[in-house]
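Dear colleague,

I am handing over a structure for you to look through, with some notes to read beside it. Please keep it open while you go through them.

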Amino acid sequence: MCLQESTLLQNSPQYADDELLPLHYLNDLLFCERRFALHSVEQIWYDNRYTTEGIYAHRRVDQTANLKRGDTRRVTGMLLASYSLGLIGKADLVEFRTDDSSGASVQPYPVDFKRGKKRRWDNDDVQLCAQAMCLEEMLKQPVSLGAIFHINSKQRREVVFDDRLRQLTTDAAARLHEIFRTQVTPQAVWKSRCKGCSLLETCMPRVWGEQKAATEYLSGLLFASRNEQG
Ligand code: SF4
């Protein structure tokens, strides 16, 4: 049985209403676990150019609307929840398309709006896949495809919700709950994406990295001198 079928057959919720976490946290978590913890556990947040552009990009699709265009019904700002993943959130857009091959059946197709050009990021794909898994749990029907709409290039990139992506999404949701439960903020590790992070000045990943290296260097010296004396 593939992961998609087993997900659909799950009907025992793992999480209660008050344990559901915002679905968009997944994006933060996969960008950087420390950033997620600083934001959601320590309540530290600053906007920069990129986060402000993201908010601006979502302003139209944050409002709930239900429109019909041809054979497709388009619902924006649709509320979503999954009790097996422990997530709650909103879909920017869900298209309900009539499936030509089966006639009457209607296929939900989530679309997430992202600033920037057409590029592939696992964190975007996981966030979209989580929306698909919420829809499956709520509507009790498979959702196999969706798309990221890249606002700058005005292009859609279709995403297939395969077993690899579903596993990544399930694992990320579990990690989200683990950090939230333990309230432990992971240590800073400098990486190239830190340059675009709005929490760079608070987080100081280079300083933490140098401090860690210095501590390891001093521990090494202490260990060597003890060995010489012994
Ligand atoms: S600066 Fe780097 S390590 Fe710190 S929160 Fe941002 S991405 Fe994570």
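This is a predicted model: local features need pLDDT of at least 70, side-chain atom pairs count only at pLDDT 80 or more; totals for chains, interfaces and linings use all residues.

Residues are numbered from 1 along each chain as its sequence is written.

The protein has eight helices and seven strands; these are DSSP runs, with helices being H or I of at least four residues and strands being E of at least two, numbered from the N terminus. Of its 230 residues, 28% count as buried. A residue is called buried if 20 or more other C-beta atoms lie within 10 Å of its own, exposed if 12 or fewer do, and partly exposed in between, with the C-beta atoms placed from the backbone. Among contacts between residues at least 6 apart in sequence, 63% join residues at least 24 apart, where a contact is a pair of C-beta atoms, placed from the backbone, that lie within 7 Å.

Which residues are closest to the ligand? They are C32, R35, C194, C197 and C203, within a shell of 13 residues, and a residue belongs to that shell if its C-beta atom, placed from the backbone, lies within 6 Å of the ligand. The shell divides into 10 nonpolar residues, three charged ones and no polar ones; here Ala, Val, Leu, Ile, Met, Phe, Trp, Tyr, Cys and Pro count as nonpolar, Asp, Glu, Lys and Arg as charged, and the others, Gly among them, as polar. Helices α3 (33-40) and α7 (200-203) each supply at least two residues of the shell, and the largest share, three residues, comes from α3. Because domain 1 (3-186) and domain 2 (187-230) both give residues to this shell, the ligand lies between them; the domain bounds come from an automatic or database domain assignment.

In α3 itself, R34, R35, F36, A37 and L38 are buried, and these residues pack against α2 (25-31), α6 and α7.

Helix α6 (residues 163-182) has 20 residues and reaches 28 Å from its first C-alpha to its last, close to the 28 Å expected, a span defined as 1.5 Å times one less than the number of residues. Its buried residues are L165, R166, T169, A172, A173, L176 and I179. Seen down the axis of α6, they fall within an arc of 155 degrees, so they line one face of the helix; the arc is that of the directions from the helix axis to the C-beta atoms. The face turned away from the buried side carries exposed residues, including D163, R164, Q167 and D171. After α6 comes Q183, whose phi is positive, near 60 degrees.

Most residues other than glycine have a negative phi, and two further residues are worth checking with that in mind. K154, in the loop between β6 (145-150) and β7 (155-160), has a positive phi near 55 degrees, and it counts as exposed because it has 9 C-beta neighbours inside 10 Å. M204, in the loop between α7 and α8 (205-229), has a positive phi near 50 degrees, and with 15 other C-beta atoms within 10 Å it is partly exposed.

Finally, K90 is found in strand β4 (residues 87-98), where 17 C-beta neighbours inside 10 Å make it partly exposed.

Best wishes

Methods
Two residues are in contact if their C-beta atoms, placed from the backbone, lie within 7 Å.
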